[in-house]
Amino acid sequence: MNLDLLDWSILAPAMMTGLLVLSTHVPLGQEVLKRGIIFIDLAIAQIAGLGVLLAGVFGWEENFWLVQASAISAALLASALLHWTEKRWPESQEPLIGTLFVLAATGTILLLAGNPHGAEHLKDLLVGQILWVTWGMLIPVALLYSVLLTAWFKWRDHFGSTGFYVVFAFVVTASVQLVGVYLVFTSLIIPALATQRLQGKPRLLAGYSLGAIAFITGILLSALFDLPTGAATVWTMALLALVAGFIFSRRR
């Protein structure tokens, strides 16, 4: 353990990133669990990342707006496809989502095959670079999430499947560029899974609390012990969820 590694100019934006991601992921994760499409977050996140890499292939990596346009276009296209398959083959939706994820993941590998920094780019896509997030990078994401959260809590009963897939695509496209595919999946599914015995506002509050404690603790542990931040946070959230799930299961 090395206390000298606690650089708050780096850790504070990283922790705020985790809290910001949780603001949308906790309610959407509960909806994903309710719909039984658990791996949609992995698939959409992987495809949004593929969109980011495609922007690099076309030489757009220095243009922020072109990168975002490429990422959200890929995510929306995938969401539209999954919305169509849900209506046409609802009984096969989960395996179709898994197939889409595998295609996106292997497509990413193919895109990076000739890139000398391919392994590094792939690692960044999967585990993220949360410690490199700056306050300035969080401003557009915070504005986007504010709009999406307002719409979600005010009109989600009128959204239907189409509205859900659109909101999900925008949320995941933003978050995967901040925290990576693994933490996108973890922050969506694990708090929802750990609190599934609760209902309504208590469940939402418990999910937010669990996720916040996990992000802050995981980031601190990664700094103190010089561990990969994304992986440390995933394991921290999983272990805390195990304890929380046991406690909630004891409730009547």
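This is a predicted model: local features need pLDDT of at least 70, side-chain atom pairs count only at pLDDT 80 or more; totals for chains, interfaces and linings use all residues.
**Helices, a pocket and a cavity**

Me: How many helices and strands is that?
Reply: The chain has eight helices and zero strands. Its radius of gyration is 18 Å, close to the 18 Å from the globule rule for 252 residues, so the chain is as compact as a globular protein of that length.

Me: What does the C-alpha trace span along its principal axes?
Reply: About 50 × 50 × 30 Å.

Me: And how much of the chain is buried?
Reply: Buried residues are 48% of the 252. As for contacts with a separation of 6 or more, 78% of them join residues 24 or more positions apart.

Me: Switching to pockets. How much space lies in the largest one?
Reply: The largest pocket holds about 1200 Å³. Its lining has 35 residues, and those nearest its centre are Val 52, Phe 64, Val 67, Gln 68 and Gln 177.

Me: Which helices supply at least two residues of that lining?
Reply: Helix 2 (40–57), helix 3 (64–88), helix 5 (118–127) and helix 6. Helix 6 gives the most, with 13 residues.

Me: How do the residues of the pocket lining divide into nonpolar, polar and charged?
Reply: There are 23 nonpolar, ten polar and two charged residues in the lining of the largest pocket.

Me: What lines the largest cavity?
Reply: Thr 24, Pro 27, Leu 28, Leu 148, Leu 149, Trp 152, Val 167 and Val 171. Helix 1 (8–35) and helix 6 (135–194) are the elements that give two or more residues to this lining. Helix 6 gives the most here, with five residues.

Me: Which classes do those lining residues fall in?
Reply: Seven are nonpolar, one is polar and none is charged.

Me: Back to helix 2. Is it mostly covered or mostly uncovered?
Reply: Mostly covered, with 14 of the 18 residues of helix 2 buried.

Me: How far apart are the end C-alpha atoms of helix 2?
Reply: They are 25 Å apart. At 1.5 Å a residue, the 18 residues of helix 2 should span 26 Å, so the two values agree.

Me: What follows helix 2?
Reply: Gly 59 follows helix 2, and the phi of Gly 59 is positive, near 80°.

Conventions:
Residues are numbered from 1 along each chain as its sequence is written. Side-chain values use heavy atoms; hydrogens and water are left out. On a 1 Å grid over the protein atoms alone, a cavity is a set of points where a 1.4 Å probe fits but cannot get out, and a pocket is an open set with protein on both sides within 12 Å along at least five of seven lines; lining residues have an atom within 4 Å of a point. Helices (H or I, at least four residues) and strands (E, at least two) are DSSP runs, numbered from the N terminus. Ala, Val, Leu, Ile, Met, Phe, Trp, Tyr, Cys and Pro count as nonpolar, Asp, Glu, Lys and Arg as charged, and the others, Gly among them, as polar. Grid points are joined across faces, edges and corners, and a volume is the space filled by probe spheres set on the points. The expected span of a helix is 1.5 Å times one less than its number of residues. Buried means under 20% relative accessible area, exposed over 50%, partly exposed in between (1.4 Å probe, protein chains only). The radius of gyration is taken over C-alpha atoms; the globule rule is 2.2 Å times the number of residues to the power 0.38. Contact means heavy atoms within 4.5 Å.
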